[in-house]
Amino acid sequence: MQKIWKFRELDGHKHKAFAAELGVSPILAQILLNRGISDPDQARTFLRCDMKDCHDPFLLKDMSKSVSRVQKAIKYKEKIVIYGDYDVDGVTSCAVLFYVLSDLGADVSCYIPHRIEQGYGLNLESCQTLKEQGVSLVITVDCGVSGFQEIEYLKEAGVDVIITDHHQPLERGVPDALCVINPWQKKCSYPYKELAGVGLAYKLALGVSAGTLDISEHLDLVALGTICDVAPLTGENRILVKHGLERLSNTKKEGLRALKDIAKIRAKKLSTHHVGFMFGPRLNAMGRMGSAEKSLELLLSTDYAQAYKLAQILDQENRTRQKTEQKILKEALSMVESQINFKHHRTVVLHNDAWHPGVIGIVASRIAERFYRPTILISTQEGIGKGSGRSIRDFHLFDNLSKCNHLLEGFGGHANAAGISILEENLADFKQAFNDLASHDLTPEKLQPIVDVDMEVTLSALSEKLINDLEKCAPFGIGNSRPVFASQDLKLKQRPKILRGETFKLWLTDEKITCEAIGRLNGVAPTSLNEGFSIVYSPSINDWQGISTIQLQLKDIRLA
């Protein structure tokens, strides 16, 4: 699929003046301007990325009341349960609060529902169990904001509930819990709205510990949950993740050390890539396939030998997940070919009785990426469907699902990802309504993937110093993408080499400098590259056996 190269506006005088004022290269200055950072003090704060620039937890609505209630529960040895979610964000949220409350002397335990048997969030069966166990305080993490019925049940049973949840509340508002910590709720003046669930758990832990503990050692968990939940790496999230990655690189947690060894991670300095593609899938696998208890047990482990055995279990479960994912992907692609006509369909909505509900979200992401359409895959069993959706630029998934609310039993999520439950009898009407919404919002131009290009440069403008300067903008992720450049009039230095699947290694030159590039050719035949071409890419430093070279990560390639 042909991509649109969208070049950022370039004001030569402005970025040079900005560079001089900051004492940085003109290219780095342009990258900052492209990210909406035009004030020198704002730029210095961004580049500094200091924990001191994080916001006061007590700016969150209900934080003071929540802290008082938790401190009271600790003082009087009440039974506290941290009620989490089965993904990495939910599991790390549980671990952060458990570590801190335990260190403060609390009688605390964690509860994570079984994905297949109980589903996401609070459920009446588990709430009844908590009541029978004599729990007097439940703290939800990464869930709870849509649990109206369950919160009401616990309230009537005399159990106080503190909700910490980063998901957007429904139109009806938030449940009538004792406290609700959610930056999206009405009358919450917290300056930064994009914290992940683990970020909110960390904020509560900061408030409860009241400076009596140094809880920064748990920033490794905050980084894990924030990156794996694909939260925007802007503002406060970027600060937490940067310092969390530093902690993770030298973590003292035996579980994370064991997981690092199982994943064969040798790098001394860890990045968002290591978390998103090596730590994350293994931690997520248990919750995707059923129960996340082993993942939580690993994060809380204090014995390396035990942790290593748990890490092996997670690694094996991840391999099982990969096989299941490949099977579902093959089936879904076949269904797209037979059921979807892209002349009429702006969306892809597929369902199957045999699909594992814990894996369809990953497959939906791959389908959305391949065909560039909002995609929802649904696993149907006994008349009820559980679905997972992924979206594209310019189509807010949560908002559009809100407009289909009358056809759904429940839904939740964000702009780019969401989950739904639906009666099988409503599937046909939902497919039509969802597609109609997309047909209204998505013009043909919006159905072409866009590559945002920061600026055009020559290959000779690239240097290790420049690339190291660009790393000052890290960590990179959603909302703070790695800088992307374009270079034109290039030629091959030697034949392309196939690395794996559709990934190639190229040696290309502008006749002045030769660089190594790695990536997909996006439909361009390798033999046609002899005629000259242009590329968009992100530059990086490749360290191999003590030798550093510039390596270009291809985003797209276009023939001259």
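Author: Ten of the ten residues of helix α9 (residues 219–228) are buried, so α9 is largely enclosed by the rest of the structure; buried here means under 20% relative accessible area, exposed means over 50%, and partly exposed lies in between, with a 1.4 Å probe and protein chains only. Helices are DSSP runs of H or I with at least four residues, strands are runs of E with at least two, and both are numbered from the N terminus. This is a predicted model, in which local features need pLDDT of at least 70 and side-chain atom pairs count only at pLDDT 80 or more, while totals for chains, interfaces and linings use all residues. Residues are numbered from 1 along each chain as its sequence is written, and side-chain values use heavy atoms, with hydrogens and water left out.

The buried residues of α9 are L219, D220, L221, V222, A223, L224, G225, T226, I227 and C228. They pack against α5 (88–103), α8 (197–209), α10 (235–249), α11 (254–262), α12 (272–289) and α13 (293–300), where contact means heavy atoms within 4.5 Å. After α9 comes V230, with a positive phi near 55°.

One of the helices packed against α9 is α5, and T92 is found in α5. T92 counts as buried, at 1% relative accessibility. When residues up to four places away in sequence are not counted, T92 touches V198, L221, L224, G225 and L299; L221, L224 and G225 are among the buried residues of α9.

Elsewhere, helix α1 (residues 12–22) and helix α3 (residues 40–48) pack at an angle of about 65°, with their axes 11 Å apart. Axes are lines fitted to C-alpha atoms, for helices over the stretch in contact, and angles run from 0 to 180 degrees between N-to-C directions. F18, E21 and L22 of α1 make this contact with P40, A43 and R44 of α3.

Turning to the sheets, five strands form an open sheet in the order β3-β2-β4-β5-β6, with parallel pairing; two strands pair if DSSP finds at least two bridges between them. At the edges stand β3 (107–111) and β6 (179–181), each with a single partner strand, so one side of each is left without a neighbour in the sheet. From one strand to the next the twist averages 20°. Within this sheet, strand β2 (residues 79–83) runs parallel to strand β4 (residues 137–141) and is joined to it by four bridges, with I82 opposite I139 in β4.

Another open sheet has five strands in the order β7-β8-β9-β11-β10, and its pairing is mixed. Its edge strands, β7 (348–352) and β10 (410–413), each pair on one side only. On average, and with direction ignored, neighbouring strands of this sheet are turned by 15° against each other. Strand β9 (residues 384–390) and strand β11 (residues 417–423) run antiparallel and are joined by seven bridges, and K386 stands opposite S421 in β11. Helix α15 (residues 360–371) lies across β7, β8 (375–381) and β9, running at about 45° to β9.

Burial is also seen in strand β15 (residues 503–509): six of its seven residues are buried, so β15 is largely enclosed by the rest of the structure. Six bridges join β15 to strand β14 (residues 485–500) in the antiparallel sense, and L508 is the bridge partner of L492. These two strands form a hairpin with two residues between them, and G501 in the turn has a positive phi of about 55°. β15 also pairs antiparallel with strand β16 (residues 514–520), over seven bridges, where T503 has R520 as its bridge partner. Four residues lie between the strands in the hairpin of β15 and β16, and E511 there takes a positive phi near 80°.

Finally, the cysteines: a disulfide is a pair of cysteine sulfur atoms within 2.5 Å, and by this rule the count comes to zero. C127 is in no disulfide, as the nearest cysteine sulfur, that of C143, is 9.7 Å away; C127 is buried, with a relative accessible area of 0%. The sulfur of C179 lies 13 Å from the closest cysteine sulfur, in C188, which is too far for a bond, and C179 is likewise buried, with a relative accessible area of 0%.
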